[in-house]
Amino acid sequence: MPEAQTLPPVRPMLAEGPSQFLLLERAVEDEYRPRMLQELQRRVSDLAETTRATSPVCPRCGRLTVCQDVRSVSWWARFGRLRVDVPRYRRPACGWECRPLLDLLGVEPGRISGSLARLLALLAAVAPYPLAARLAGLLLGVKISPMGVWRVAQRLGQAAASYREALSQYHADSRSPGAPTDQAPATVVLSVDGCSLGMQVRARRRCQTGTEPLPPLPPVAEGQFREVKTGVLLLPEERVQTSPGRRSVVRRFLVSCLGDADAIFHRLYAQLRELGWLGSQTMVVIVGDGAEWIWKRATWFIRRCEILDFWHAMEYAWDFARLRFGEGSTQADQWVRQIGIDLKAGKVEQVIARLKRLRPKSPPLRASLDSLIHYYSENAGRMRYDEYLRLGYGIGSGAVESAHKQVVQARLRRAGMRWSEAGARRLLALRLLLLNDNWALLDRLAMVSVA
């Protein structure tokens with residue numbers, strides 16, 4: 001039978017140009033962007049005129065300062081570059097000087113300022129710096145280098161990180177008043193965990209001198225990682241059932257830091273006080289994976305309930321079942337399933353007694369069984385899952401596992417990424433503002449200078 005004739009491939013067709021509505025949108029933007037810049041320039045100039053009417057007072061001696069000179073200053077804003085004549089006032093006897101207009105506007109000469117800086121930091125918080133620079137061109141119509149985006153993100157990130165650190169220190173002092181607790185919830189769930197982050201080998205950024213190319217970076221040594229600890233705060237009554245057997249939270253607050261166990265618990269405690277969620281009768285439910293550093297610091301809360309994550313408890317059972325019955329065995333699946341049913345029914349003591357009656361012969365199997373028995377025995381008081389489910393506390397740490405993915409992995413743990421300690425802290429601070437729906441806080445923070 002002769003082969004059927006096949007038609008040649010047809011190239012997909014494109015429209016001759018953008019739609020008429022797209023053209024209208026872009027025409028309006030091109031027409032009014034210069035006008036918006038012009039209007040913004042006019043308002044800044046008017047404000048500059050009003051500040052020249054009075055001389056500022058020196059905070060050191062309390063006397064009026066003298067206008068030293070007037071210089072033309074420019075900076076980049078959302079609609080383009082602004083320029084204004086700025087007077088500099090000085091008190092010669094004290095050596096104090098200031099530029100009140102720049103302080104009032106909250107801008108710096110030659111820098112990206114205002115809403116443009118906040119928008120660039122937002123792009124940097126969700127995408128790598130080269131991609132953020134591209135997005136700035138597509139979304140904002142701003143041509144900027146990846147290094148320019150990096151500088152803005154570092155300066156605003158440092159401002160956010162410093163504020164969070166100061167807030168943690170403020171609430172750590174028992175004399176500092178927290179938010180009112182008259183509406184404090186009866187129960188707060190606190191989940192905490194850690195994950196590793198790849199760090200740079202060099203302590204300082206490399207700078208090229210002359211025309212010689214930079215030498216290759218040294219290989220990343222094994223163990224060149226730091227742990228990022230993340231905590232999640234939520235209210236049990238704000239869990240909703242999105243589908244059969246699946247629940248989600250309406251509201252949660254994320255806390256993260258590149259620090260030790262004390263640092264993350266200090267920040268969790270500060271966040272609870274800031275929210276007004278830590279009343280005298282509030283039960284703090286702490287869900288963890290069994291790590292000793294979690295339970296040691298759980299004692300910071302007088303009224304608490306410690307819960308061992310159910311799925312971590314099941315992982316230990318699976319490790320023994322695979323050794324005993326074999327990988328992928330039906331017997332292993334049935335044995336572990338029965339362990340899970342009994343644990344959810346609150347029969348942890350019966351499960352431990354049943355495990356102790358087993359007499360495996362091989363040394364690896366005996367070691368795995370001893371580890372399982374020890375783990376369950378040490379955490380038996382944290383495995384009353386029937387009671388926790390009845391009270392609505394939940395028995396899993398899925399919230400904090402999800403938080404790791406959103407706060408850290410989605411931005412800071414991409415292929416080949418290595419971070420300086422300062423860079424990681426600053427970007428984590430920006431991502432927390434974004435994920436906690438608190439980005440507007442950045443409008444009230446002044447940009448800081450960073451090395």
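Predicted model: local features only at pLDDT ≥ 70, side-chain atom pairs only at ≥ 80, totals over all residues.
Me: How do you know whether the protein chain is spread out or compact?
Reply: The secondary structure comprises 14 helices and 10 strands. The radius of gyration of the chain is 30 Å, whereas the globule rule gives 22 Å for 451 residues; the value is well over the rule, and therefore the chain is more spread out than a compact globule. Along the principal axes, the C-alpha trace spans about 90 × 90 × 50 Å. Among contacts with a separation of 6 or more, 66% are between residues 24 or more positions apart.

Me: How many positive and negative side chains are there, and how far apart do the centres of the two sets lie?
Reply: There are 65 positive and 44 negative side chains in the protein chain, and a distance of 3 Å separates the centres of the two sets.

Me: What makes a set of residues a nonpolar core, and which residues have the most contacts inside the largest one?
Reply: Members must be buried nonpolar residues joined through side-chain atoms within 4.5 Å. The largest such core has 106 residues, and those with the most contacts inside it are Trp335, Leu343, Tyr376, Tyr385 and Leu430. Helix H5 (residues 146-172) gives the largest share of this core, 8 residues. Apart from this core lies another, of 11 residues, including Val44, Val73, Leu101 and Val107. In soluble globular proteins, nonpolar side chains tend to be buried together.

Me: Which residues does leucine 430 touch, not counting residues up to four places away in sequence?
Reply: With those sequence neighbours set aside, leucine 430 touches Ala121, Ala125, Ala153, Leu156, Gly157, Trp439 and Leu442.

Me: Why is isoleucine 294 called buried?
Reply: The relative accessible area of isoleucine 294 is 0%, and the label applies under 20%, so isoleucine 294 counts as buried. Isoleucine 294 has its place in helix H7 (residues 292-298), and, leaving aside neighbours within four places in sequence, it is in contact with Val192, Phe265, Ile286, Gly288 and Asp289. Its C-alpha atom is separated by 22 Å from that of arginine 164, which is 130 residues apart along the chain.

Me: Does serine 113 count as buried or exposed, and what makes it so?
Reply: Serine 113 has 5% relative accessibility; since the limit for buried is under 20%, serine 113 falls in that class. Serine 113 lies in the loop between helix H2 (100-105) and helix H3 (114-126), where it touches Trp75, Trp76, Ala77, Val107 and Glu108, not counting residues up to four places away in sequence.

Me: Why is cysteine 94 called partly exposed?
Reply: Partly exposed covers the range between the buried limit of 20% and the exposed limit of 50%, and cysteine 94, at 25% relative accessibility, therefore counts as partly exposed. Cysteine 94 is in the loop between strand S2 (80-91) and strand S3 (96-98) and touches Cys58, Arg60 and Cys61, not counting residues up to four places away in sequence.

Me: How do you know that arginine 251 is partly exposed?
Reply: Its relative accessible area is 35%, which is between 20% and 50%, so arginine 251 is partly exposed. Arginine 251 lies in the loop between strand S7 (246-249) and strand S8 (252-257); leaving aside neighbours within four places in sequence, arginine 251 is in contact with Leu234, Leu235, Glu238 and Trp277. The C-alpha atoms of arginine 251 and leucine 235 are separated by 7.8 Å, and the two residues are 16 residues apart along the chain.

Me: What makes aspartate 437 exposed?
Reply: The relative accessible area of aspartate 437 is 74%, and exposed means over 50%, so aspartate 437 is exposed. Aspartate 437 is found in the segment after helix H14 (421-435), and its phi is near 55 degrees, a positive value in a residue other than glycine.

How values were computed
Residues numbered from 1 in each chain as written. Heavy atoms only, no water. Helix = DSSP H or I, 4+ residues; strand = E, 2+ residues; numbered from the N terminus. Buried < 20%, exposed > 50% of the residue type's maximum accessible area, 1.4 Å probe, protein only. Rg over C-alpha atoms; globule rule 2.2 N^0.38 Å. Contact = heavy atoms within 4.5 Å. Lys, Arg positive; Asp, Glu negative; His and termini not counted. Charge placed at Lys NZ, Arg CZ, Asp CG, Glu CD.
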